[in-house]
Amino acid sequence: MIKFSRWLLAVFCLTTTAQALELQGELTQGSLLRSEVPAGASVWLDDKPVKVLADGKFVIGFGRDAELTHVLRWQLPGEPAQTKTITLSAREYPTQRIEGVPQAMVTPPESVLARIKDDNWRVAKARKTSSELSYFANEFRWPAEGPITGVYGSQRIFNGVPKRPHYGVDVGAPKGTTVVAPVGGIVTLAEPDLYYSGGTIIIDHGLGVNSTFLHLSKLTVKTGDKVTQGQKIGEIGATGRATGPHLDWRINWFSERLDPALLVPAR
């Protein structure tokens, strides 16, 4: 059985033909839910197939504004399918107003649009990885020490102009503060100077779950490196389009942007 974080609050059981199925995680928007089925079973979420490891582990995730009702279906070969309706709770997100931001941070000049497009392509490619790793099933830890200065889902308004919601958790700390891997994985991107995010690292934890670390002043790993939980991967900085030194930590399940704070102890 998978060992999950004791800080993940919602657990419910579903009956299968072979064992009780437990979904671990908070039943809310922005949440990552982890579970396992008997080996050989297939899983679908809203009629879309979900990849399952050979030992039965799988994971699903719901974005910031996900619909509140979903259907999970699983089936063993030769057995009738089982279904369960998943009901998520809705969340409210704060609005942050930041004035005095340089115009280039609000609307980039045309001279850098090609660079931004290339950056976005490389990040998207790294996040499409769907490996057989199972690090996602382990307990996560905070990647850096410091106060929380920005939260998932918040809407930022720069100089009166609404921007995309914030999809990470910001940890404020001085430049040079150590950043570690919250759980093990393989580095799929290590770039020192992306236009918006500056020093950026992406770590694959398996089955489409990955962590992204933004605005780093120093990278101590490279693409292809295997990292272990707690291993130093870089240092906090203010690179890219940042207003001060901090770590912006993000969690994705493929293209679904999730809330990292739901995977770690509350501060």
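In which loop does Leu 207 lie? In this predicted model, in which local features need pLDDT of at least 70, side-chain atom pairs count only at pLDDT 80 or more, and totals for chains, interfaces and linings use all residues, Leu 207 is placed in the loop between β16 (198–206) and β17. Residues are numbered from 1 along each chain as its sequence is written, and side-chain values use heavy atoms, with hydrogens and water left out. Helices (H or I, at least four residues) and strands (E, at least two) are DSSP runs numbered from the N terminus.

Leu 207 is buried at a relative accessible area of 3%; buried means under 20%, exposed over 50%, and partly exposed in between, with a 1.4 Å probe and protein chains only. The phi of Leu 207 is near 55 degrees, a positive value in a residue other than glycine. A positive phi of about 55 degrees is also found at Phe 254, again not a glycine. Phe 254 belongs to the loop between β20 and β21 (256–258) and is partly exposed, its relative accessible area being 29%.

Leu 207 is among the contacts of Ser 131, which, leaving aside neighbours within four places in sequence, also include Lys 51, Asp 204 and Gly 206; contact means heavy atoms within 4.5 Å. Ser 131 is located in the loop between α2 (113–127) and β10 (148–150) and counts as buried at 17% relative accessibility. The side chains of Ser 131 and Asp 204 are joined by a polar contact of 2.7 Å. A polar contact is a pair of N or O atoms within 3.5 Å; within protein, one must be able to donate a hydrogen and the other to accept it, and residues adjacent in sequence count only if both atoms are side-chain atoms.

An open sheet of 4 strands runs in the order β5-β4-β7-β8 with antiparallel pairing, where two strands pair if DSSP finds at least two bridges between them. β5 (48–50) and β8 (82–87) are the edge strands; each has a single partner strand, so one side of each is left without a neighbour in the sheet. Neighbouring strands of this sheet are turned by 30 degrees against each other on average, direction ignored; axes are lines fitted to C-alpha atoms, for helices over the stretch in contact, and angles run from 0 to 180 degrees between N-to-C directions. β7 (residues 69–75) pairs with β8 in the antiparallel sense over 6 bridges. Lys 84 in β8 is the bridge partner of Leu 72, and Val 71 stands opposite Thr 85 in β8. The hairpin of β7 and β8 has 6 residues between the strands, and Gly 78 in this hairpin takes a positive phi near 80 degrees.

Strand β6 (residues 57–61) has 5 of its 5 residues buried, so this strand is largely enclosed by the rest of the structure. Lys 57, Val 59 and Gly 61 cover one side, and Phe 58 and Ile 60 the other, all of them buried. β6 pairs with β3 (residues 32–36) in the antiparallel sense over 5 bridges, with Arg 34 opposite Val 59.
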